[in-house]
Amino acid sequence: MSVKKVSDLSPKENLRLRDAGRRFINSYRASNYQESYVRSLEETIAYLALYSEEHGWPTVPHITTEHLEEYFAYSRTRQKGYGQRKSEKGQTPSSSYLNRQYRQLHCFWGWMADPQRRLAAENVLDVMRAPRVEENIVPTLSDDQLADLLALVNPKLARTRKDAFRLKRNNALLYLFVDSPGRLREIATMQVDDVILDEEKVRVMGKGRRQRFMPIGPAAQRAMQDYLEARETLAPLTQDLWVSEQGRALRSDWISSLLKRLKKRAKISRLHPHMFRHTYAMDSLRKQMPDEVLKIIGGWKKIPDTYFRTLGFDDAAEFHRKMSPGDRLSQQTRTRRKKGPGGDKGPGPRGRL
């Protein structure tokens with residue numbers, strides 16, 4: 001069988017994975033997809049392109065399902081971030097992360113296999129099973145932990161004017177996380193006009209560029225008002241809600257860094273921005289908030305099953321505390337030791353079993 005020379009191949013047959021990825025990302029940016037989502041797609045394709053180049057994969061039209069299965073098998077054991085994140089050294093990607101990568105690459109191949117493009121003959125991921133997601137109990141924060149975090153950003157602790165501004169800002173941010181189910185990206189990209197205190201609500205841009213309102217209570221409103229008043233003279237020309245002491249706009253990296261510092265100072269073993277969203281949802285469900293109302297406030301299309309499973313475990317644990325067989329038998333054992341076998345007083349039988 002004759003082998004085609006590179007010069008004889010059509011442009012599509014010459015297409016490398018990295019180049020196809022650039023076209024895909026440009027297409028999504030041109031279609032005005034949310035930038036955070038586009039960057040996530042870009043990272044996923046970059047990891048795959050790097051692996052394909054290191055392992056000598058063929059051009060896009062000749063990549064098969066077996067190539068992708070090989071990549072995902074490797075991804076289960078590779079170091080997270082390909083060693084780029086020193087703080088996560090030794091950690092492997094979670095099952096939910098791998099599942100998200102699969103869905104994003106499935107979208108990528110579907111885009112390439114579109115009849116109008118035909119960069120790929122078919123979506124090679126159609127016959128591959130998505131990585132299964134571990135159904136873990138949802139991690140939440142207790143009221144004591146939340147109170148400890150808020151105490152660390154109390155504006156009354158300020159010693160200087162810079163401290164006062166910083167603590168008012170951090171206090172407002174933390175109250176917003178505590179008092180709403182906002183996602184990290186939603187809260188980080190808020191504008192000044194998104195805070196509508198006279199209507200006791202804030203506005204965020206959610207997934208899929210869907211705006212929604214989230215109500216906030218009096219405590220969060222007071223914290224936000226104090227911050228806005230301090231911010232007014234510092235950064236009057238920018239609409240970005242969160243700014244530094246020098247008036248520069250702050251983004252999500254700053255929030256993640258702040259929470260890491262607070263986690264250490266509050267001696268909390270685990271803390272990340274999404275835990276506040278989990279905590280709000282679990283508290284709301286325990287207080288019988290209707291599912292439809294919670295979906296409107298939190299921007300969920302469907303309340304995650306893991307929330308209900310976690311609630312079910314909490315209820316089961318409460319019943320277990322009331323009827324624990326181990327506790328009941330332990331009490332009986334102590335009683336028998338006092339009375340002896342058969343109900344008589346005295347020590348029980350001696351000797352080794």
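Predicted model: local features only at pLDDT ≥ 70, side-chain atom pairs only at ≥ 80, totals over all residues.

I began with the residues that join two helices: Leu-174, Phe-177 and Val-178 in α6 meet Pro-273, Phe-276 and Tyr-280 in α10, where contact means heavy atoms within 4.5 Å.

Residues are numbered from 1 along each chain as its sequence is written, and side-chain values use heavy atoms, with hydrogens and water left out.

For the geometry, I found that α6 (residues 161-178) and α10 (residues 273-286) pack at an angle of about 45°, with their axes 8 Å apart. That makes α6 oblique to α10 (under 35 degrees counts as roughly parallel, over 145 as roughly antiparallel, 65 to 115 as roughly perpendicular and the rest as oblique). Axes here are lines fitted to C-alpha atoms, for helices over the stretch in contact, and angles run from 0 to 180 degrees between N-to-C directions. Helices (H or I, at least four residues) and strands (E, at least two) are DSSP runs, numbered from the N terminus.

Next I looked up helix α5 (residues 143-152), whose buried residues are Leu-146, Leu-149, Leu-150 and Leu-152 (buried is under 20% relative accessible area, exposed over 50%, partly exposed in between, with a 1.4 Å probe and protein chains only). They cover an arc of only 155° around the axis, which puts them on the same side of α5; the arc is that of the directions from the helix axis to the C-beta atoms. On the other side of α5 I found Asp-143 and Asp-144 exposed. The buried residues of α5 pack against α6, α9 (252-266) and α10.

Finally I turned to the strands, where β2 (residues 201-205) and β3 (residues 211-215) pair in the antiparallel sense over five bridges; pairing requires that DSSP finds at least two bridges between two strands. Val-202 stands opposite Met-214 in β3. The two strands form a hairpin with five residues between them, and Gly-208 in the turn has a positive phi of about 70°.
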